[in-house]
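Please look through the sequence and the structure shown here before reading on. The paragraphs that follow lead from the DNA to the helices, and then to the question of confidence.

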Amino acid sequence: MGSTQPNFYHPEHQPVANSLSASEKIWFIVAMIPSGQVSAYGKIADLAGLPGRARYVSKALKMAPDSLQLPWHRVINSQGKISFKPDTTQFRDQLERLRVEGIEVHKGKIQMAKFEWRPDMATLVLQLPF
DNA sequence: ATAGTGACTCCAC
DNA sequence: CGTGGAGCCACTA
């Protein structure tokens, strides 16, 4: 006894083989949003196992490599609106991308009841690598 | 260490 | 509906 070796049988010492960074988890979830549907920053954070970090989701999207081709435009705020300021190219870009896939935006707002992504949690969890 | 800054949320008016 | 404010968290100067 008296060993200083970590006890890998203890719940808190489970081997972390597929540990993804917070950003990677966020990117993974965002990549799952189906075309024609949207989700909120806060929801993405929750699904990524990062409750309370909606603001971090926006940062993760900003730093995401272009090579990932993430459908970042499908992420809007909890009020059903685009979070960029209306007079920015980013706002116009997101608006255009949403409309291209059939998402209606009236007066800057999207009907969440009609376009919000509602994944079956039981199925979703099985697809997560974390 | 402190203060400011968001692609955020929630809630009270 | 619009606004304001508090709470939030990671990051930066």
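**Around the DNA strands**

Of the atoms of DNA strand C that lie within 4 Å of the protein, 59% belong to sugar or phosphate, while the rest belong to bases. This is a predicted model, in which local features need pLDDT of at least 70 and side-chain atom pairs count only at pLDDT 80 or more, whereas totals for chains, interfaces and linings use all residues. Residues are numbered from 1 along each chain as its sequence is written, chains are lettered from A and ligands numbered from 1 in the order in which they are written, and side-chain values use heavy atoms, with hydrogens and water left out.

The residues that surround DNA strand C are G52, R53, R55, Y56, K59 and K109, where a residue counts as near a strand if one of its heavy atoms lies within 4 Å of it. By class, this surface divides into one nonpolar, one polar and four charged residues; here Ala, Val, Leu, Ile, Met, Phe, Trp, Tyr, Cys and Pro count as nonpolar, Asp, Glu, Lys and Arg as charged, and the others, Gly among them, as polar. For K59, a polar side-chain atom lies 2.7 Å from a base nitrogen of DNA strand C.

Around DNA strand B there are 14 residues, of which Y41, G42, R55, S78 and S83 come nearest. Sugar and phosphate account for 45% of the atoms of DNA strand B that come within 4 Å of the protein. The largest share of the surface near DNA strand B, six residues, comes from α3, a helix being a DSSP run (H or I) of at least four residues, numbered from the N terminus.

Helix α3 (residues 54-63) also packs with helix α1 (residues 22-32), at an angle of about 85 degrees and with the axes 9 Å apart. That makes α1 roughly perpendicular to α3, a term for angles of 65 to 115 degrees. In α1, the residues A22, S23, I26, W27 and V30 meet Y56, V57, A60, L61 and M63 in α3, where contact means heavy atoms within 4.5 Å.

How far does the predictor's confidence reach? The mean pLDDT of chain A, on a scale from 0 to 100, is 89, and 86% of its residues reach 70 or more. Over residues 1-14, however, the pLDDT is below 50. Where pLDDT is low, the predicted coordinates should not be read in detail.

Terms used. Axes are lines fitted to C-alpha atoms, for helices over the stretch in contact, and angles run from 0 to 180 degrees between N-to-C directions. Helices (H or I, at least four residues) and strands (E, at least two) are DSSP runs, numbered from the N terminus. Angles under 35 degrees count as roughly parallel, over 145 as roughly antiparallel, 65 to 115 as roughly perpendicular and the rest as oblique. A polar contact is a pair of N or O atoms within 3.5 Å; within protein, one must be able to donate a hydrogen and the other to accept it, and residues adjacent in sequence count only if both atoms are side-chain atoms. pLDDT is the predictor's confidence in each residue, from 0 to 100.
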